[in-house]
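Hello,

Please find the structure below. My notes on it follow.

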Amino acid sequence: MSSALTQALRALRVAAPGREVSQDTDSPFARGPSPAPHNPRAPASPTCMAPDCRRNSSTNDEGVTVSPSLEDVSIPPSFLCPVSMEIMSDPVILATGHTYDRPSIQRWLDSGHKTCPVTGTRLRHMELTPNFALRSTIADWAAENGIDLQRTRPSEPAAAPAEPPRQAPQQAAGRQSANILHGHDEIVWALQPAPGGRLFSASADRTIRAWDVASARCLGVLSGHTRPVLALALAGGRLFSGSYDHRIIEWCPESFRALRTLEGHHDAVRALATAPGGRLVSGSYDASVRVWDVEAGACCGVLVGHAGPVRALAVCAGAVFSGSYDASIRAWDVEANRCLGSLEGHTGAVRALATDGARVFSGSDDASIRVWDARSLACLATLCGHADNVRVLAVGGGLLCSGSWDRTVRVWSVDHLTCLQVRVRGGCLGGKFGREVEGGGGVQGGARCSRGAQLRQRLERRGLEGGSLQRARESCLLAG
């Protein structure tokens with residue numbers, strides 16, 4: 001009888017620590033709607049650290065030596081994943097600095113969560129960094145205690161691996177879209193393609209992300225700026241970023257390591273471009289354009305002349321063009337550090353510049369796009385159609401694309417300077433609304449184009465079809 005009582009008391013001493021852990025309010029599961037179930041693999045109290053509990057092997061009744069299981073040893077709490085409460089086989093570090101087992105935290109992220117399971121803090125990025133030090137420590141501990149982690153790891157239910165994570169339809173569709181890159185928490189201000197099928201993105205979340213375009217996978221996060229990152233450029237085989245913190249940071253595009261900081265501007269660095277000779281050019285809200293020697297990391301020229309913030313830069317025909325809030329565009333010779341001329345005609349801030357090698361295209365708050373000869377600096381045409389500020393321009397494949405605050409993207413033929421298509425979210429309004437071009441032009445031409453665009457949008461919103469739509473197009477052509 002005394003022998004049975006002794007065995008029962010010994011069993012109670014071993015089991016008690018497990019019950020204490022299941023009641024621990026610091027456990028991540030205490031935040032959930034119901035308490036976590038008892039887990040025999042939870043960390044035991046110091047009473048289980050006695051030498052008799054840390055044996056490497058034991059002998060069964062048949063005299064066969066068997067390896068201990070996880071229930072036979074005390075597991076250090078740092079070895080357990082906060083999500084699964086199982087010992088980690090592939091520990092990884094989340095953005096908050098907490099370590100989780102990769103399969104567990106990956107399922108958490110794949111289900112649409114963007115917070116840390118332990119702290120509830122919103123994640124600045126979703127990258128998982130291997131914790132090699134902890135993995136090595138766990139492996140040494142397992143070897144010392146004769147634990148086969150693969151053998152003792154509980155198996156998943158047979159149907160679990162085949163069951164996809166439960167997601168809302170919109171979340172699932174978004175994550176399955178190969179052309180959507182998820183990661184930034186704020187507005188993306190700039191993009192910079194790079195060799196090897198990579199892309200860099202700059203965001204108001206103060207970070208730069210490197211992406212593999214083919215797999216839509218984030219390769220790294222570059223942190224260093226203290227305010228939103230506004231501009232990116234590649235020069236001399238290195239990546240440069242401009243920010244609201246008035247600084248330009250030089251990065252290694254391979255290791256994503258910050259190399260040095262270029263300082264000199266007194267306000268936000270809003271635009272970057274690579275000038276002839278491999279020099280870097282920066283435009284700032286301090287109304288200046290600076291030229292930098294990439295190798296020396298020093299400023300070799302300060303170009304002044306604008307009466308307002310410099311918003312955009314472009315390089316064409318050996319010259320650098322700068323667009324400003326003063327409604328003008330200036331052409332610069334960065335070798336001689338002198339102004340070649342001022343391009344006048346816009347009546348609103350110039351926010352976007354693009355080139356096709358011989359011409360410069362400018363987008364403005366006056367809702368128009370102007371086409372300039374890069375050598376003579378003469379205005380060749382004014383493209384009308386947008387009903388609000390033109391903020392973005394891109395040229396490629398014989399096409400010019402313009403984005404505006406009127407929530408449309410217009411696609412223009414570079415050769416014929418005609419609008420081929422108007423894109424809106426969810427579809428296309430159609431193509432070729434007449435010859436939406438005003439030759440030369442000034443303030444009057446821009447105003448006429450704006451009135452025509454506004455009339456066209458009102459008609460399109462009414463959903464006119466057939467002959468009514470054709471008459472609407474003719475009216476827009478006459479008005480514009």
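How many salt bridges does a search of the whole structure find? The search finds 11. A salt bridge here is a side-chain nitrogen of Lys or Arg within 4 Å of a carboxyl oxygen of Asp or Glu.

Some ground rules. This is a predicted model, where local features need pLDDT of at least 70, side-chain atom pairs count only at pLDDT 80 or more, and totals for chains, interfaces and linings use all residues. Residues are numbered from 1 along each chain as its sequence is written, and side-chain values use heavy atoms, without hydrogens and water.

**Salt bridges**

Arg-102 and Asp-90 pair through their side chains at 2.7 Å, N to O. They link distant parts of the chain, 12 residues apart: Arg-102 is in helix 2 (residues 102-110), and Asp-90 is in the loop between strand 2 (65-66) and strand 3 (91-93). Helices (H or I, at least four residues) and strands (E, at least two) are DSSP runs, numbered from the N terminus. Asp-90 counts as buried, at 18% relative accessibility. Arg-102 is partly exposed at 27%. Buried means under 20% relative accessible area, exposed over 50%, and partly exposed in between (1.4 Å probe, protein chains only).

Arg-238 and Glu-250 form a salt bridge at 3.0 Å, N to O. Arg-238 sits in strand 11 (residues 238-243) and Glu-250 in strand 12 (residues 248-251). Arg-238 is buried at 16%. Glu-250 is buried at 1%.

Asp-356 and Arg-359 meet at 2.8 Å, N to O. Asp-356 is partly exposed at 31%, whereas Arg-359 is buried at 18%. Elsewhere, salt bridges with shared partners join Arg-238, Glu-250, Arg-260 and Glu-295 into one network.

**Largest pocket**

The volume is about 1400 Å³, taken as the space filled by probe spheres set on grid points joined across faces, edges and corners. A pocket is an open set of points on a 1 Å grid over the protein atoms alone, where a 1.4 Å probe fits, with protein on both sides within 12 Å along at least five of seven lines; lining residues have an atom within 4 Å of a point. The largest pocket has 37 lining residues, and Trp-189, Ala-190, Leu-191, Val-392 and Leu-393 lie nearest its centre. Strand 6 gives the most to this lining, with 6 residues.

**Backbone**

Ala-317 has a positive phi, near 55 degrees. Ala-317 lies in the loop between strand 18 (310-316) and strand 19 (319-324).

Best wishes
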